[in-house]
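Open the model in your viewer and keep the selection tool at hand. Each stop below says what to select and what is there.

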Amino acid sequence: MIRSDRTAARFILLVAALAAVSCSNHLGPHRDLLVGVPATTAPIPADDELSVTYLGVNGYLLRCGGQSILVDPFFSRVPMHHALFGGTIAPQPDALAQGRRAGALPDRIDAFLVTHSHFDHILDVPPLHAQLGGKIVTSETGAFLCEAAGTPRPALLPSSPGAVHRFGPTTVHVLSAQHVLVFGTVPFPGEITAPLSEAPTKPKDWVLGTPLAFLVEMGGRRIYIESGGVLGSPPPVSGVDLAIVGTALGGQSDRYPEAARALSATYVLPSHQDNFVRPLEDGFHFSPLSDFPKIKSLHCNERLPGQLVLMDYFHTWTLPGPPK
Ligand SMILES: [Zn+2]
């Protein structure tokens, strides 16, 4: 009880810090690193191509021919005063519809991949799954949360590191991961090991579960995706075409060089850097807790492997060149 109070207090501090900042903090100064075109204008990639669409926070659509994978989609941007004052949060149908349009999401999805069970990664998964179908690869905790939110059990693939899933020609390897520390601790820790008697309604109900990362083999490419990590636990794969690396907190940027060296990617895309308490229609603003200039200088000064790239909301990038 004491621990959860402390966690809640830290979460309130985090949200208050995000909400307090109103200054602009756009991608403009880094436009030389931007890749992709508006998703609504992007061609569907061929069977031997792979495209990535950025959906905000840590949300991505990976596409190759007729295959589609959604990672951590989160469009609802729930009103944070509800979270601050112990209110309820819920998926926002209008935001889901707008996100589907702006991201040019296909009508059917092969699989959802969920890196962990905090609400900014999983809240929108059950309603989007109800619309788009497919399987949901998540931790055991995430599976119980989705089931409580209405997802039929057969659609769920509760997974631990080491699991491998195949969706047609696409292979998904489930990898171990760590959650970033926020003010020295992990927000809303915990596991759910039995069916819930009622649906989750408050931020604290979406407990972390086992954090996961993924290696997606699709369209002849290898894509690594995580939502963050800690120093001393580098990603367990190397030599990928694209590494999507969680960099939500500037204070944790010491971990970035270790991750980039381990991954040895052709392209590195820092992720989860945006201010997710602002509505998506406001456009991309860096979170005041992130520090992309520091990431950029580390990448250049330490000559880390891979070309550093950035993506704007609802932009689609077809990976260029031959696979690594
Ligand atoms: Zn989280």
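Two strands pair if DSSP finds at least two bridges between them. Helices (H or I, at least four residues) and strands (E, at least two) are DSSP runs, numbered from the N terminus. The model is predicted: local features need pLDDT of at least 70, side-chain atom pairs count only at pLDDT 80 or more, and totals for chains, interfaces and linings use all residues. Residues are numbered from 1 along each chain as its sequence is written, and side-chain values use heavy atoms, with hydrogens and water left out.

**Stop 1**

Select strand 6 (residues 135-138) and strand 7. They pair in the parallel sense over three bridges. Zoom in on Thr138: its bridge partner in strand 7 is Pro158.

Now widen the selection. The open sheet here has eight strands in the order 1-15-2-3-4-5-6-7, with mixed pairing. Strand 1 (37-38) and strand 7 (156-158) stand at the edges with a single partner strand each, so one side of each has no neighbour in the sheet.

Contact means heavy atoms within 4.5 Å.

**Stop 2**

Select strand 2 (residues 51-56). How many of its six residues are buried? Six of the six are. Buried means under 20% relative accessible area, exposed over 50%, and partly exposed in between (1.4 Å probe, protein chains only).

Strand 2 runs antiparallel to strand 3 (residues 59-64), joined by five bridges. Gly56 stands opposite Gly59 in strand 3. These two strands form a hairpin with two residues between them. Colour Val57 in the turn: its phi is positive, about 55 degrees. Strand 2 is also joined to strand 15, by three antiparallel bridges. There, Val52 has Trp317 as its bridge partner.

**Stop 3**

Strand 8 and strand 9 pair in the antiparallel sense over four bridges. Pick Arg166 and you will find Thr171 of strand 9 opposite. Show helix 7 (residues 255-263) next.

**Stop 1: the zinc ion**

Select the zinc ion. Which residues are its protein donors? They are His116 (NE2), His118 (ND1) and His179 (NE2), lying 2.1 to 2.2 Å from the ion. Donors are N, O and S atoms within 2.8 Å of the metal (3.2 Å for Na, K and Ca); water is not among the atoms, so sites may look incomplete. The donor residues are spaced H-x1-H-x60-H in sequence. His118 lies in the loop between strand 5 (111-113) and helix 4 (119-122), and His179 in the loop between strand 9 (170-176) and strand 10 (212-218), so the pair ties together parts 61 residues apart in sequence. Both His118 and His179 are buried.

**Stop 2: Glu226**

Select Glu226, in the loop between strand 11 (221-225) and strand 12 (242-246). Why does Glu226 count as buried? Because its relative accessibility is 1%. Its side chain makes a polar contact with the side chain of Tyr224 (2.7 Å). A polar contact is a pair of N or O atoms within 3.5 Å; within protein, one must be able to donate a hydrogen and the other to accept it, and residues adjacent in sequence count only if both atoms are side-chain atoms. Not counting residues up to four places away in sequence, Glu226 touches several others, including Asn58, Thr115 and Arg255.

**Stop 3: Ser253**

Last, select Ser253, in the loop between strand 12 and helix 7. Its C-alpha atom is separated by 8.8 Å from that of Ser290, 37 residues apart along the chain.
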